Amino acid sequence: MRHDTRRHARTPIPLVFVLAAMVALPSAVLGSVAGPAGPPHQEQETVRVVTTLPTYAAIAREITGDLARVEAIARGDEDPHFVTPRPSFARAISRADLFVTTGLDLEVWVPGLLDRANNPRVLEGAPGHVVAYSGVRLLDVPETTSRAEGDIHIYGNPHVHTDPVNAVQIARNILEGLRRVDPDNAAGYERRTRDFEDRILARTFGDRMIDLLGRESLLELALNGRFWSFVEGREIDGRPLVDQLGGWLAEAAPFRGRSLACYHKNWSYFSHRFRIPCAIYVEEKPGVPPTPGQVGRVITFLRDQELPVLLAANYFSRGQVNRVAERTGGVAVIVPEHVGGAEGVDTYFDLVDLWVSRLAEAYSGSGGAR
Ligand SMILES: [Zn+2]
């Protein structure tokens, strides 16, 4: 499988990132963690889970309940590509039983932190290391892996959590890690993971679709990228099967197929699941600051749309996103990419609720930047 070969073909972090990390982390400020700090592992009452991104922490909490202490390093309104490491991050990892990271080139700030944390239990390949993207069908995989033009998605799109079905796969990966480091509580983790999967399926597709296709068949179709090709063209009781959708996909049905402009390539998985294509990007290449020429092309594109919508994560310049939208008479939808990135976005369900409802508002003509 493609993701497995990529996982093992990881290239070293380029010098430019190493140097950037050294600048960001003067050793006099950061110091180093001389060994696993805090109480010895066997005295801990609960398992400690540390995740790079708060959405992984939210998914981990769904699985662990009160069986583990879960904390995230990055904030939900922070650009996950560019998190400034702090000494407290290395200390948290030094005490972790389980460490969850995307596993592609999203968090270039992680290898340095793992070095400083000096916790062999959570290093890559150790039982306490979880790669969140494992088993996810990657999108936007480039022909060649090169950062020569500044691209920061060289192994494929790393923003995998924006498809709620991928949240199921992420949960399963975290479950595997928890089984390894805390086998005594495996049954509880398994029960809660299944419950999370059920709630994701119901919220994404609706109960009726689960009844019609069956839980396992629906999951299989969704995880393998065959859901839309399966439901399209099929009928039930003389009506298109796709009309039986509920949940988020039904809420997004009024604007399914509408092209929008996006700031960064962080919505690919969301677009793919909901069939709302990002037709053009303000950042021509992920991570490369927009040029005036590209901004002009985005404006031209938006002016051609009946309802121009520009979707951006809330860690980009709000002013710039709003100015582009205003020049086209369109709507800027500025939302957090991660759990915790805005008030009231405390769970994974809150996050997707917000994305879908804000887009629905924009396409009904009542939405706007906030
Ligand atoms: Zn990105």
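Start by selecting Tyr-363, which is buried because 21 other C-beta atoms lie within 10 Å (buried takes 20 or more other C-beta atoms within 10 Å of the residue's own, exposed 12 or fewer, partly exposed anything in between, with C-beta atoms placed from the backbone). Before you go on, know that this is a predicted model: local features need pLDDT of at least 70, side-chain atom pairs count only at pLDDT 80 or more, and totals for chains, interfaces and linings use all residues. Residue numbers start from 1 along each chain as its sequence is written.

Tyr-363 sits in helix 16, residues 348-363 (helices, H or I with at least four residues, and strands, E with at least two, are DSSP runs numbered from the N terminus). Who is around it? Skipping neighbours within four places in sequence, Tyr-363 is in contact with Pro-254, Phe-255, Arg-258, Leu-307 and Val-309 (contact: C-beta atoms, placed from the backbone, within 7 Å).

Next, pick residues 260-262 and 278-281. These are strand 7 and strand 8, running parallel and joined by 3 bridges (two strands pair if DSSP finds at least two bridges between them). Look for Leu-260, with Cys-278 of strand 8 opposite. Bring in helix 13, residues 268-274, and you have a right-handed β-α-β unit with strands 7 and 8 (right-handed: with the strands pointing away from you, the path from the first strand over the helix to the second runs clockwise).

In what order do its strands lie? The order is 2-1-3-4, an open sheet of 4 strands with parallel pairing. Strand 2 (68-72) and strand 4 (129-131) are at the edges with a single partner strand each, so one side of each has no neighbour in the sheet. From one strand to the next, the twist averages 20 degrees. Zoom in on strand 1 (47-51) and strand 3 (98-101), parallel and linked by 3 bridges; there, Val-50 has Phe-99 of strand 3 as its bridge partner.

Last stop: helix 7 (164-181) and helix 10 (215-223). They pack at about 100 degrees, axes 10 Å apart (axes are lines fitted to C-alpha atoms, for helices over the stretch in contact, and angles run from 0 to 180 degrees between N-to-C directions). That makes the two helices roughly perpendicular (65 to 115 degrees; under 35 is roughly parallel, over 145 roughly antiparallel, the rest oblique). Select Val-165, Val-168 and Gln-169 of helix 7 with Leu-219, Ala-222 and Leu-223 of helix 10 to see the contact.

Terms used:
Contact = placed C-beta atoms within 7 Å.
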